[in-house]
Amino acid sequence: MRKIIMIAMALLAVNVLMAQHYTVKGVIADAKTGEKIPLANAGLYRLSDTMFMRGATTDFEGNFSISDVAAGSYRLIVSVVGYEKYYQEVNIAKNTDLGVIKLKVGITLAEVKIVAEKPVFSMDGEKNIYNTGDDPSIQTGTASDALQNAPGIEIDADGNITLRGTQSVDVWINDRPSHMEGEALKQYIKMLPANSIERIEVISNPSARYGGGTPVVNIITTQKIQRNEFISFGLNGTTRPDQHIWMSEMKPWVSYVYANEKFNFNIYANFGYDRSNSEYEGTSIILDDNKDTSRTNKYFSTSDRKSMESYIGGHLSYNMDENNSMGAWYGAYPRWGSNYEWGRSERIEYLGENAGNHTYEGIENTPMVAKPNGGGYFGGWYEHKFNKETGHKLNLNVNGNGYNSHNNTYHDRHYEFFPENDIVRNVDNLWRNFSLGTSADYTLPFGHQDTTTKRFANELQAGLGYDHGSNRNWSISDWESEGYLMGRTDSIGSNQRSNNNNLTAYVTYQRRFGNFTAKLGLRGNMNMEGIEYFDAPQYNIDSTFFSLTPSLHLSYSTKSLHNFSFSYSRRVYQPGVSQLTLYKEYNFDDFGSWGNPDLLPTYSQKVELQWDKYFMKFGSVGAQLFYSGNTNTISDLANVTYSDFYGNVVSYTIPMNIGNSWSTGLDLNVTYRPSAYINVRFSGSLRYDNEDFTFRGQNFENSNWSYRFRLNAWAKVWKNYQFFVNAHYGSPTKSIFTITDARKGVDVGMNADFWNRKMSVDINVHDIFRLNGWNSQNENPFYVSTSNWRPLSRYISVRLTFRFGKMELAGMANEGAASSSSGESGMGMQK
């Protein structure tokens, strides 16, 4: 790792010393009056492939200066509302002064006034919108740079995207799920040029249109591709403190892209090796129904996990004509690996008057070997535009995936003082799943069209969807023991199959009244689910459930960039058949999981009231009040019972309707953005949670105040270098019977691009002070426990990337690396 860091630092120095960059300046003026024109955009596009390279905006005296321009031939394009575009070819071999550039008037002053009032930030129903195409300061950057300026969005040093640093998000491209995850999504965001993005939509409380409650980031692009080819490859690596190896993850990858105006094709492949270590420790006390001690246990364990995986996938799309387009994606991912655990426990058993008491110390070795496994996926889409100018369109989608997993776990437990209680257990697991889904989405804008935003006063959306999923699971466990299980050799496991069929339909209607927008939505969902136990058919169960999900979103924006929004959504969560069955399953440590056929659906309501104020020369200030309430809340609680098989009291978890719960709080965020490439964001939250529940005939009430804060700093300097610092702290929390200690951490990182982004180096230090980890306590009256988990969390990650070909295709280089687990329909990206 030291060698890699030294090489990366040497490349930084070489890039600074060898690069010959110049400054291009000039003045923009009215061709007729000679009056200087402020806020005009001047951009340099490489003459060989028309790629945007550098740009600047004129000041109030009409002056512009484009710095850090490499020697070469360019086309200068100058544009500003109210004037015709200006084109000029320039050869840069030294600092260049272009003098006065005169623009001809193109449209009327009245039209200028209307267009110029379009804000960079706005709200529209459920969407917080960053109009990237109308922000001249970000045009020289990438999608990663633009997302740093989107409302509430953060990208950490490793490229992970979150909403306010805490909530994961679903990334959509052009109104469709991106089907990208992990490295594929990070590379796509890093390489997509910002000047190919029209706008970024942030949806924190999605309407019925989006189904689930996960926040959505929708990137709308405008990029058009000429005939080009592009190839990229790279190597990712991380290191964690490990006495055996210096690098715990290595992943080489390669991608090829071909595209023209009608067709684009991408294939992506990678191979990965991963190794990680972690430590666990804790104590537990199990009480019987009389609250007398049945067992005490103190344990310590370590884990050493190794895995290898590979992937190959592709994406293609075809524009048949201006109104019809189609595409498909596909992929396969074989995987294999192993996990070795070592543990030591001190355990006291109270087995009753007949069996007496056992006191022992145990040492357990648990190797797990995953046999070759993996899966694949596919999908396709078709879009027909009834009117390309209005957005009246129909989308048809289909997708499917399958997965096969097979592993073998061997438990070998030895007791130092009671060897007759030694236990050998062999577990063979096989799990298979398959899913297939299809959907249709219809959009009809109508009514008056706003000349500024190009949006219509009314918009109707409707959709239908069907998904089928099946799972097959074998788990066979063989035990051998002379003492602990009184000489038994029994087989405990499961042989089951489950099926799920889901029908959905939604409709939304949106109405705009000037700067005020209202959106109503309703989604209907029918879920038919069943589970079959081949060795225990008496536990088979089927379930059918229908639910309606209404939503309401209101927003209002002022000319002074004050934005107000209100959102309400109601969702119903039906318990799954695995939660409803009476089937009981235990693991090696006498700990089991049960179902509960008396479970009722959970009804959830969420309300948000938000205010944001944007300042063009400062950033933004915002506040959000929120309330979330749940009726018939389902939670897995630990319980104890006497087992005839084990001959003692054992513990298990069981899902229960614990009662009602609600939470409310205030989120505050301040973003300081002195330029498009400096961003400091502070966010804080104060939250109150209340739970009122019943457990084993006793009433409990839990209330808890908690707070968190997060500081995220990002800067891009010299056009090619980015620096990150992310720090977070979350106070201790309490939920049901569990108390969790504070969580905190600090990450730092740096990214650098070389030779017009033909090569990139990323170096990130995760949890630099090794603060990550947690301690928790369980105060269940019948199962008292403490646990501590502290991973080897401080490590360095390095990413090297090389790119050749037309750089405007770089943003497409990972579309073939689609998500294998997404159940949504959609595609990688549409041009």
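Valine 24 stands opposite threonine 96 in β7, a strand here being a DSSP run of E with at least two residues, numbered from the N terminus. Keep in mind that this is a predicted model, where local features need pLDDT of at least 70, side-chain atom pairs count only at pLDDT 80 or more, and totals for chains, interfaces and linings use all residues. Residues are numbered from 1 along each chain as its sequence is written, and side-chain values use heavy atoms, with hydrogens and water left out.

**A three-stranded sheet**

- Let's start with the sheet: it is open, has three strands in the order β4-β1-β7, and its pairing is mixed (two strands pair if DSSP finds at least two bridges between them).
- β4 (63-70) and β7 (96-103) stand at the edges with a single partner strand each, so one side of each has no neighbour in the sheet.
- On average, neighbouring strands of this sheet are turned by 25 degrees against each other, direction ignored (axes are lines fitted to C-alpha atoms, and angles run from 0 to 180 degrees between N-to-C directions).
- β1 (residues 21-30) pairs with β7 in the parallel sense, over six bridges.

**Serine 67**

- Serine 67 is found in strand β4.
- Its relative accessibility is 36%, so serine 67 counts as partly exposed (buried is under 20% relative accessible area, exposed is over 50%, and partly exposed is in between, with a 1.4 Å probe and protein chains only).
- Leaving out residues up to four places away in sequence, serine 67 touches Tyr22, Thr23 and Arg54 (contact means heavy atoms within 4.5 Å).
- Asparagine 95 is 28 residues from serine 67 in sequence, and 9.2 Å away in space, C-alpha to C-alpha.

**Tyrosine 539**

- You'll find tyrosine 539 in the loop between β27 (516-533) and β28 (541-557).
- With a relative accessible area of 27%, tyrosine 539 is partly exposed.
- Tyrosine 539 touches Tyr533, Thr581, Leu582 and Tyr583, again not counting residues up to four places away in sequence.
- Tyrosine 583 is 44 residues from tyrosine 539 along the chain, yet their C-alpha atoms are separated by 5.7 Å.

**The largest cavity**

- The largest cavity has a volume of about 220 Å³ (on a 1 Å grid over the protein atoms alone, a cavity is a set of points where a 1.4 Å probe fits but cannot get out, and lining residues have an atom within 4 Å of a point).
- Of the 21 residues lining the largest cavity, Pro151, Gly152, Tyr614, Ser620 and Thr671 are the closest to its centre.
- β32 (602-615), β33 (619-643) and β34 (648-675) are the elements that give two or more residues to this lining.
- β32 provides the largest share of the lining, four residues.

Definitions and conventions: On a 1 Å grid over the protein atoms alone, a cavity is a set of points where a 1.4 Å probe fits but cannot get out, and a pocket is an open set with protein on both sides within 12 Å along at least five of seven lines; lining residues have an atom within 4 Å of a point. Grid points are joined across faces, edges and corners, and a volume is the space filled by probe spheres set on the points.
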